[in-house]
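Hello,

Here is the structure I promised to pass on to you. Have a look at it first, and my notes on what was found follow below.

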Amino acid sequence: MSCKATKTRKIDSGAKKLDAFLGWLLSAKTQAGMPGQGRSFRRAAERFWKIWPIAPACDEIHHVVYVDGIWLGRNAVVLIACTKDHVIGWHAARSENSGAWAALMARIAPPDVVATDGGSGFEKARRAVWPHTRVQRCTFHAFCQVKRQTTTRPKLQAGVELYGVAKGLLHVADADGAAAWTAEFAMWCSRWESYLKQKTMVEGRMQYRHERLRRARRGLEKLVRANVLFTYIDESLLEQGGVPATTNLIEGGVNAQLRAMLRCHRGMKIDRRIKAVSWWCLMHTENPPSAAAILQEMPTDGSIADLYRSLEGSNDTESAIAQWGTAVAWHELHSSGGYKMDYD
């Protein structure tokens, strides 16, 4: 009969293995170079691919937040928000729509300014969730929208001039420059107005002869009316810190690194690509959690599926999932119906 004076403590090596998994995922290391020469490592990593890295709520008010989406497949995009120093939120969805953008913004305190490339549904979500946040539309993306319509070597004189006007966006440095650019664009619109109204018969229907130029013009007109092109030179905002004219920081500082990581580990299924991006974002937050905390706090595929099954047909489903944050996007990525998805 045992006196129970001594006992053996079971050692949980999960945190150590998770650290090794993240060390591989967030680097250019190969599975063959890991302990076990690949096979043992893959068996150990299987457990961690079932975890959903969830974005923490951000209640700190930032002066400037950058937002962008990185597409991982035809029907999979991860929307990301960051400051100049670290990631503050992300959300996986099937498309860039107002519901997805709103889910990302809902867990982040409204900043003074948001820099964006103008993704689909973004403005609708911003008006609803961040109504008082100023918008800086990336001037480089605004120029590229025009370039797609005119090409870099436009053949028509109207296209040559509009391409030059759009390119001038990249060189506006102050309020005088912004006023001069706006006046130049207005003059172009007036000078070529009758020309852009020309129509021609195509397959029995009357159509505008220069529709591509009209689309380019509409795009710039919309941005001018919304007053989002020159937020970065607003003196009232500059008192609290600089405002960027472009989204280059998130394009080069976040998206480029994510693409490099995915290239190093190419061949992953779409769900693993999504989780790989989420892992990268989690570990680049201001205070990334320890491996032990991740294992204890983060939900898994199974735990989320169990919760949905237990609440099937109940109006409390979404509120229950909120404990983990809507960044799970489970209803968008793991079902073909049954849940409301507001696509724009």
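**Cysteines**

Cys281 has a relative accessibility of 0%, so it counts as buried (buried means under 20% relative accessible area, exposed over 50% and partly exposed in between, with a 1.4 Å probe and protein chains only). Before I go on, please keep in mind that this is a predicted model, in which local features need pLDDT of at least 70 and side-chain atom pairs count only at pLDDT 80 or more, while totals for chains, interfaces and linings use all residues. Residues are numbered from 1 along each chain as its sequence is written, and side-chain values use heavy atoms, with hydrogens and water left out.

Cys281 is in none: the nearest cysteine sulfur belongs to Cys82 and lies 9.0 Å away.

**The sheet**

Five strands form an open sheet in the order E3-E2-E1-E4-E5, with mixed pairing. Strands and helices here are DSSP runs numbered from the N terminus (E, at least two residues, for strands; H or I, at least four, for helices), and two strands pair if DSSP finds at least two bridges between them. E3 and E5 stand at the edges with a single partner strand each, so one side of each has no neighbour in the sheet. On average, neighbouring strands are turned by 25 degrees against each other, direction ignored. Such angles run from 0 to 180 degrees between N-to-C directions, using axes that are lines fitted to C-alpha atoms, for helices over the stretch in contact.

Is strand E3 (residues 87-93) largely enclosed or left open by the rest of the structure? Seven of its seven residues are buried, so E3 is largely enclosed. Its partner is strand E2 (residues 76-82), which pairs with E3 in the antiparallel sense over six bridges. A hairpin of four residues joins E2 to E3, and Val78 has Ala92 in E3 as its bridge partner.

Elsewhere in the sheet, E1 pairs with strand E4 (residues 113-116) in the parallel sense over three bridges. In this region Tyr66 stands opposite Ala115 in E4. Helix H3 (residues 98-106) packs on the sheet and touches E1, E2 and E3, with its direction at about 150 degrees to that of E3. Helix H12 (residues 270-283) also lies across E1, E2 and E3, and runs at about 155 degrees to E1.

**The nonpolar core**

In soluble globular proteins, nonpolar side chains tend to be buried together. In this model the largest nonpolar core has 93 residues, where a core is a set of buried Ala, Val, Leu, Ile, Met, Phe, Trp, Tyr and Cys residues joined through side-chain atoms within 4.5 Å. Which residues have the most contacts inside this core? They are Phe21, Val78, Ile80, Trp181, Phe230, Val277 and Trp279. Leaving out residues up to four places away in sequence, Trp181 touches Val165, Gly168, Leu169, Val172, Leu220, Val224, Leu229 and Phe230; contact means heavy atoms within 4.5 Å.

**Salt bridges**

The whole structure holds 10 salt bridges, each defined as a side-chain nitrogen of Lys or Arg within 4 Å of a carboxyl oxygen of Asp or Glu. One of them pairs Asp234 with Arg134, with 2.9 Å between the closest N and O atoms. This pair links parts of the chain 100 residues apart: Asp234 is in the loop between helix H9 (211-226) and helix H10 (235-238), and Arg134 is in strand E5 (residues 134-137). Asp234 is partly exposed at 22%, and Arg134 is partly exposed at 29%.

Glu161 and Arg191 form another salt bridge, also described by an N to O distance of 2.9 Å. Glu161 sits in helix H6 (residues 157-168) and Arg191 in helix H7 (residues 175-191), 30 residues apart. Lys197 and Glu193 meet at 3.6 Å, N to O.

**A loop residue**

Finally, Arg47 is in the loop between helix H2 (39-45) and strand E1 (64-73), and is partly exposed at 42%. Beyond its neighbours within four places in sequence, Arg47 contacts Gly14 and Leu295.

Best wishes

Conventions
A disulfide is a pair of cysteine sulfur atoms within 2.5 Å.
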